[in-house]
Amino acid sequence: RELGGTGMGQWLAPAGGYFISYDTLPGLAKEVVRLAADIGVKLTPAGATFPYGNDPQDCNIRLAPTFPSLAEVQAAADAFVVCVKLASIRSKLG
């Protein structure tokens, strides 16, 4: 609900699993992961779904929660949204 219609990326709702694959604007996945780490949220490395972790567009992030409570998932999701927005706005301001 926070990122839909913003043009800051895209994702597919998981069908039968709990992984979410999010594509940032090109060139921002590593920055989003870094911003999240700076505030204490550990994300899967950017490009982890690509061979050798090399995403040529630096846009893919796999969200893969491991044993969190619902409150922790919500807090991490909120933090992720803030990081995506911050990286996207910074990239537009150049």
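Me: What covers the buried residues of α1?
Reply: The cover includes β2, β3 (60-63) and α2 (70-93). Helices (H or I, at least four residues) and strands (E, at least two) are DSSP runs, numbered from the N terminus. This is a predicted model, where local features need pLDDT of at least 70, side-chain atom pairs count only at pLDDT 80 or more, and totals for chains, interfaces and linings use all residues. Residues are numbered from 1 along each chain as its sequence is written, and side-chain values use heavy atoms, with hydrogens and water left out.

Me: Which residues of α1 are buried?
Reply: A29, V32, V33, L35 and A36. Buried means under 20% relative accessible area, exposed over 50%, partly exposed in between (1.4 Å probe, protein chains only).
Me: Where do they sit around the helix?
Reply: They line one face, because they fall within an arc of 160° seen down the axis of α1. The arc is that of the directions from the helix axis to the C-beta atoms.
Me: Which exposed residues are on the face turned away?
Reply: K30 and D38.

Me: New topic. Where is L25?
Reply: L25 is in the loop between β2 and α1 (29-38).
Me: Buried or exposed?
Reply: L25 counts as buried, at 18% relative accessibility. Beyond its neighbours within four places in sequence, L25 is in contact (heavy atoms within 4.5 Å) with G7, M8, D58, C59, S88, S91 and K92.

Me: And what about I20?
Reply: I20 is partly exposed, with a relative accessible area of 29%. Its place is in strand β2 (residues 20-24).
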